[in-house]
Amino acid sequence: MGSGGGGFEKDLNMEATELRLGLPGTASSTAVTDQEPEARQARNNKRSLVDRREEEVSEDASRALPKDHDSAPSSKAQIVGWPPIRSYRKNTLQTKKTEAETSSSGIYVKVSMDGAPYLRKIDLNVYKGYSDLLKALQNMFKFTIGEYSEREGYKGSEFAPTYEDKDGDWMLVGDVPWEMFMTSCKRLRIMRGSEARGLGCAV
Amino acid sequence: MAYSFPEEVLEHVFSFIGSDRDRNAVSLVCKSWYEIERWCRRRVFVGNCYAVSPAAVVRRFPDVRSVELKGKPHFADFNLVPEGWGGYVSPWITTLARAYPWLEEIRLKRMVVTDESLELIARSFKNFKVLVLSSCEGFSTDGLAAVAANCRNLRELDLRESEVEDMSGHWLSHFPDSYTSLVSLNISCLGSEVSFSALERLVSRCPDLRSLRLNRTVPLDRLANLLRRAPQLAELGTGVYSAELRSDDFSNLVGALAGCRELRSLSGFWDVVPAYLPAVYPLCSGLTSLNLSYATIQSSELTKLISQCHSLQRLWVLDYIEDSGLEALAACCKDLRELRVFPSEPFNREGNVSLTEQGLVSVSEGCSKLQSVLYFCRQMSNAALLTIARNRPNMTRFRLCIIEPRCPDYITHEPLDTGFGAIVQHCKDLQRLSLSGLLTDRVFEYIGTYAKKLEMLSVAFAGDSDLGLHHVLSGCDSLRKLEIRDCPFGDKALLANAAKLETMRSLWMSSCSVSFGACKLLGQKMPRLNVEVIDERGHPDSRPESCPVEKLYIYRTVAGPRFDMPDFVWTMDEDSALRPS
């Protein structure tokens, strides 16, 4: 920029136009106090760079104290329209987050085994996949399951792991992708004997 | 004039001139060219619906076939423009319906559209072909039903990102059985279910259908059926990408997708189950556009998909992609032109993913054709910006959003002035720029000095004084749109550069320091500007003149002040008296 800018600066009378982010009641806050209380609060939550760094130093010093981060989004006053994302995007992410939160708290389902005196309960979240789950079930109930194939189900044993899905139907464990199984499984039942074989041979 | 061309010849020559700017230039040559040109102009674009009256448009251009209008300011996208501000299309439709019986295309952006207007469109234009409602609101599925029922020659119905009220009337079924001309349908923004059987029948009987963007309610197990009826599709937006697919359902889907050999663009992917992603792998090598910005899946899954898309030109994705995924993108997608990375947890102060400035640097290095960037991240450095600028002097659109306002260079703790300065200095054809992070007046000095082709600038939480604004208004020769929020810019720069505002489409300033007195003065001095004060605290007269206004929207116009304002908007005019609402 040319020298034309220099004189302009003097003419600006900077003080009059300066927007300060002081707290209400301080000398520099004339511009701020005329705003609505909500707006004022939003401004006050924006600390200056110096303040923030000081806080970081003191946080390091008090490492023993748990950091107040999980509540940070809610305790910090959200600035209207920031970050600049369209509302339909925000809404999409919101639904996904709620779903994720429920699943992280555990998907507990009852497991029954034909002939066993009482049921067990397991958290599906704990298992990485079908093999993990089946290994655990076999341990829990002391039995062996056959090998899974799409065509024939669990061949080679008299047991078949089944589950009740959201529609109330009894399905063979292993047909659908693991994530789908986790969300649709209501309870598990390890079938035994001729009933088990019948299911495995279904078309 | 014996030596000039006959009108018909000139008209024929003009028919090769498509761009609005060239057409406008042609019309200024002389009176006879003005006359000839206005009779043969077929397409009109009005970037601000309040800049000109509908009557003036139809008076000047008697035979128009295509109209495009934009309403609310861009910051309306982020809820900064209060409800009821304006942007009503109704007076336009009424005038167009009377003047242009042969109108074929209407494209609207950020406007308020009513069912009455849609019904009027459906009744008035016998050869109506294209309706695009981008980020609009105010209408329901009843209005859509009227369009479906009456527009026999409709080619394109695109509701991108509009808010539509659901009246559950099965609007899609209103397309008659005799209707077969659909080419493009985008209903991705609709929250409600559409009748699947009506959709399938519609798709079956429209052989020219090239673009189909479904909404979230269309389940994955219906997708295969739709695709088998439209193997000629070039653009597909899936519905929800999860279902309880039996294995034969899944192979059915794979087959149906593979059958769409012309597919170049994919979007949708709500609620993606990673196990079903391989269904699209066979399409990857042909894809030029991929929108995964709703796909909440991990970096490894995203990378697996993207690294197969060697022809990719446009990618929209969530920050789950992380730096590692962007490195893979840089290595595999050498034809990339546009990248948008959206934040998965925008309101979380802490980062939840490993996405930093490095991802963007990698892409700027590996993708030599990259020209358009929208990038949300939590840290940035001047060094990285300098590298990006040097790597990509061909950049034309650069929008960076560092999520924390006023965030400095994370390495040096300095402002990011020099980084953005490098961007405007190296990228000589930069048309659009959005700033973020800690910035002083210096960055605006760089912008005013170097950004000579810049047309749109977005500024938030930046600058120290009026000098910043002055640099931009006095230096940016090509500036058309300037939007500013939460910056310490006040009266002086605005008043000193009042004339500049007439060369621009619009200026938006909110939570700045422009006083009511200055607004009145500006309105007084500049009759061809509408200086709108938007203030929800009540009449500005109830506060001192030196008090800053909440929001300010200034735009050039030949239509004078508007009369459809709500009670929290006032136009400053020559009388310097407020117009009552």
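How many positive and how many negative side chains does chain B have, and how far apart do the centres of the two sets lie? Chain B has 66 positive and 72 negative side chains, with the two centres 6 Å apart. Lys and Arg are counted as positive and Asp and Glu as negative, while His and the chain ends are not counted. Each charge is placed at NZ of Lys, CZ of Arg, CG of Asp or CD of Glu.

1. Basis of the note. The model is predicted: local features need pLDDT of at least 70, side-chain atom pairs count only at pLDDT 80 or more, and totals for chains, interfaces and linings use all residues. Residues are numbered from 1 along each chain as its sequence is written, chains are lettered from A and ligands numbered from 1 in the order in which they are written, and side-chain values use heavy atoms, with hydrogens and water left out.

2. Overall form of chain B. Chain B contains 20 helices and 23 strands; helices (H or I, at least four residues) and strands (E, at least two) are DSSP runs numbered from the N terminus. Its radius of gyration is 25 Å, close to the 25 Å given by the globule rule for 581 residues, so chain B is as compact as a globular protein of that length. That radius is taken over C-alpha atoms, and the rule is 2.2 Å times the number of residues to the power 0.38. The C-alpha trace of chain B spans about 75 × 65 × 60 Å along its principal axes.

3. Of the 581 residues in chain B, 61% are buried. Buried means under 20% relative accessible area, exposed means over 50%, and partly exposed lies in between (1.4 Å probe, protein chains only). Among contacts (heavy atoms within 4.5 Å) in chain B between residues at least 6 apart in sequence, 70% join residues at least 24 apart. The accessible surface of chain B is about 22,000 Å², and 49% of that surface belongs to carbon and sulfur atoms. Accessible areas come from the Shrake-Rupley method with a 1.4 Å probe; for residues, only the protein chains shown count as cover.

4. Chain A. Ten helices and seven strands are found in chain A. Buried residues account for 36% of its 203 residues. For contacts in chain A with a separation of 6 or more, 42% are between residues 24 or more positions apart. The accessible surface of chain A comes to about 12,700 Å², with 51% belonging to carbon and sulfur atoms.

5. Nonpolar cores. The largest nonpolar core has 230 residues, and those with the most contacts inside it are Phe181(A), Tyr241(B), Leu290(B), Phe398(B) and Ile447(B). Such a core is a set of buried Ala, Val, Leu, Ile, Met, Phe, Trp, Tyr and Cys residues joined through side-chain atoms within 4.5 Å. Another core, of five residues, lies apart from it and includes Leu10(B), Phe14(B), Val26(B) and Ile36(B). In soluble globular proteins, nonpolar side chains tend to be buried together.

6. Helix 15 of chain B. Helix 15 (residues 417-426) is mostly covered, with seven of its ten residues buried. These include Phe420(B), Ile423(B) and Val424(B), and also Asp417(B). The buried residues of helix 15 pack against helix 14 (382-391), strand 16 (397-402), strand 17 (432-434) and helix 16 (441-450) of chain B.

7. Arg392(B). This residue is found in the loop between helix 14 and strand 16 of chain B. Arg392(B) counts as buried, at 10% relative accessibility. Leaving out residues up to four places away in sequence, Arg392(B) touches Ser364(B), Glu365(B), Cys367(B), Ser368(B), Leu370(B) and Cys427(B).

8. Backbone points to inspect. Ser135(B), which is not a glycine, has a positive phi of about 50°; Ser135(B) lies in the loop between strand 4 (130-134) and strand 5 (139-140) of chain B and is buried, with a relative accessible area of 11%. Asp271(B) also has a positive phi, near 50°, and is buried at a relative accessible area of 17%. In chain A, the peptide bond from Trp82(A) to Pro83(A) is cis, with omega near -5°. Pro83(A) is in the loop between helix 6 (72-75) and helix 7 (87-104) of chain A.
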